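Please read the numbered points with the sequence and the model in view.

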Amino acid sequence: MLEKYDLIIIGGGPGGLTAAELAAAKRKRVLIIEKDGWGGTCTHRGCIPTKALLSCSKYFADLKKLKRMGINITDASVDFSAIKKHQQQIVKVSALGAQKVLTEAGVEIKQGTGEILSPQEVRFTDASGKSENFLTQNIIIAWGSVPQVLPGINLSERVLTSDGILNSNTLPSSIIIIGGSVIGVEFATFFAELGSKVTIVEILDRIIPLEDQECADLLSQELTRLGVAINTATKLESLKDTGNGVVMLAQKDGKQIEISADYALLCTGRKPLLNTEKLEKLGIEYIKAGIKIDKHMMTNVDGIYAVGDVTGGMMLAHRAIQQARVAAGHICGDNNFCYNENFIPSVVYSHPQIARVGLMQKQAEAEGLSVEVVKSFYSANIIARAELMGQGFVKAVFHQDKLIGATIVGEDAAELIAPLTLAVSNELTKKQLRNWVIPHPTLSEIFISIIG
Ligand SMILES: Cc1cc2nc3c(=O)[nH]c(=O)nc-3n(C[C@H](O)[C@H](O)[C@H](O)COP(=O)(O)OP(=O)(O)OC[C@H]3O[C@@H](n4cnc5c(N)ncnc54)[C@H](O)[C@@H]3O)c2cc1C
């Protein structure tokens, strides 16, 4: 007799973990299968290691500000091996935390590969090749995404994706970053703050093309000030590992340019892990961008759900988490969770950070909405001044007095976007926002002038 579950989840990233914990809390018998590390891309190759690294480089960069505050540090230097230890320690804490949450919730966990045989049966195979089949009422696909490598580019010891660079223990003296979107500018910030010579190569005419132009301009200005060479409208032609470095050829302004560096980092996007042959065998509909799902995160096959990066769209951990809440809620008969792609905040953890929720001015205008755009500057905020935060602003977009979107560029933008996400997703009006009392003195007081 095969063991029978209410829910089997394949993939132990933020999506899978959230669904498992929620369904177990509702007394469902849940099995989760993970082939690599608990916490998924987020914990091992994404959010957590990159933010651990960026906090180190930020402290180092901020030392320059201390002199202006009367604190003299004479012999600050970078110990890259200690920085890598900090990264590894934070990843370890996050992975152990993920496993602890699962066991405490009563979720059964298995380390190995999961394969869907039918909507009612899943095969688990461990590292030694031993297999076991299980029956289930529901399945959640949460097996994530992988880095996208441009055709014609060969990965090597010096031509790396984000996975590879996070495993490397060398601080490059110079690095070419192909792709000036979120992951590219985050790594550019980190390496430049530690003193590497960084070159960004971006095919479009600006970095961070999905974000507000003014925010991208401010970030470009700050990265340039840090010494990052930004080549926009530049098309990569070839990238070669010469054994002791890399050589890149690209087209810019109708001319060929050649740039050499220690390492090259490919930040040219991620693609969902589709396993297309298996999806087709099961009759699960997908497009290149991801598995198709309905408002409950269910695929076209009854009882099989998909959440997170595998569904395409904005590949973000908190998006995977919300989709997982909706899917697990539906399986458990709780339809109180809902998902709206417009209300998923996005953050670029560069320095300065860029954070956004809802509609940008351009998007709202393209939808034919009459908008009022209100801006508030860090320079008018006393905490931003006291802490030498530098430039930044909040741009709020109102339609018929309702807050429909906000973008922030500046220090702590990732934290500041959280209350605005609540406001935008509840379509709060200026009148309602005026009763929002903000502690003084705080950076959050920057919101007072947008409310009026
Ligand atoms: C460099 C980088 C930085 C990032 N920074 C951020 C950030 O700051 N904020 C943010 O919100 N997002 C960030 N992301 C994106 C974030 O990591 C992903 O959106 C998130 O991890 C997606 O979660 P998921 O549950 O869909 O999949 P994943 O986290 O990818 O987890 C999927 C899991 O499934 C497992 N798996 C795959 N196939 C099988 C199988 N057949 N059997 C068993 N297990 C399987 C994989 O091993 C993996 O552990 C970053 C990504 C990268 C690469």
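This is a predicted model: local features need pLDDT of at least 70, side-chain atom pairs count only at pLDDT 80 or more; totals for chains, interfaces and linings use all residues.

1. A definition is required first: a crossing is left-handed if the near helix is turned anticlockwise from the far one by less than a right angle, and right-handed if clockwise. Helices (H or I, at least four residues) and strands (E, at least two) are DSSP runs, numbered from the N terminus.

2. Residues are numbered from 1 along each chain as its sequence is written, and side-chain values use heavy atoms, with hydrogens and water left out.

3. Consider helix H3 (residues 47–68) and helix H6 (residues 182–193), whose axes come within 9 Å and cross at roughly 40 degrees. Axes are lines fitted to C-alpha atoms, for helices over the stretch in contact, and angles run from 0 to 180 degrees between N-to-C directions. Angles under 35 degrees count as roughly parallel, over 145 as roughly antiparallel, 65 to 115 as roughly perpendicular and the rest as oblique. H3 and H6 are therefore oblique to each other. Their crossing is left-handed.

4. Which residues of H3 and H6 make the contact? On H3 they are Thr50, Lys51, Leu53, Leu54, Ser57, Lys58, Phe60 and Ala61, and on H6 they are Glu186, Phe187, Thr189, Phe190 and Glu193. Contact means heavy atoms within 4.5 Å. By class, the residues of this contact of H3 with H6 comprise 6 nonpolar, 3 polar and 4 charged. Here Ala, Val, Leu, Ile, Met, Phe, Trp, Tyr, Cys and Pro count as nonpolar, Asp, Glu, Lys and Arg as charged, and the others, Gly among them, as polar.

5. H3 also meets helix H4 (residues 80–105): the two axes come within 9 Å and cross at roughly 140 degrees. That angle makes H3 oblique to H4. The crossing of H3 and H4 is right-handed. H3 contributes Ile48, Pro49, Ala52, Leu53, Ser55 and Cys56 to the contact, and H4 contributes Ile83, His86, Gln87, Ile90, Val91 and Ser94. The contact of H3 with H4 has 8 nonpolar and 4 polar residues, and no charged ones.

6. The next point concerns His351, in the loop between strand E20 (346–348) and strand E21 (353–358). Is His351 buried or exposed? His351 is buried, with a relative accessible area of 14%; buried means under 20% relative accessible area, exposed over 50%, and partly exposed in between (1.4 Å probe, protein chains only). Not counting residues up to four places away in sequence, His351 touches Leu54, Ser57, Lys58, Thr189, Glu193, Leu219 and Glu222. The side chains of His351 and Glu193 are joined by a polar contact of 2.8 Å. A polar contact is a pair of N or O atoms within 3.5 Å; within protein, one must be able to donate a hydrogen and the other to accept it, and residues adjacent in sequence count only if both atoms are side-chain atoms.

7. Two cis peptide bonds deserve attention. One joins His351 and Pro352, with omega about 5 degrees, and Pro352 lies in the loop between E20 and E21. Another runs from His440 to Pro441, with omega near -10 degrees. Pro441 is placed in the loop between helix H13 (430–433) and helix H14 (448–451).

8. Leu274 is in the loop between strand E16 (270–272) and helix H8 (276–282), and at 11% relative accessibility it counts as buried. Leaving aside neighbours within four places in sequence, Leu274 is in contact with residues including Leu279, Tyr286 and Val310. Asn275 also has its place in the loop between E16 and H8, but Asn275 is partly exposed, with a relative accessible area of 37%. Phi of Asn275 is near 45 degrees, a positive value in a residue other than glycine.

9. Ala233, likewise not a glycine, has a positive phi of about 45 degrees. Ala233 is found in the loop between strand E11 (229–231) and strand E12 (234–241). At 43% relative accessibility, Ala233 counts as partly exposed.

10. Finally, Ile284 lies in the loop between H8 and strand E17 (286–287). Ile284 counts as buried at 3% relative accessibility. Ile284 and Val301 are 17 residues apart in sequence and 6.1 Å apart in space, C-alpha to C-alpha. Val301 is also one of the residues that Ile284 touches.
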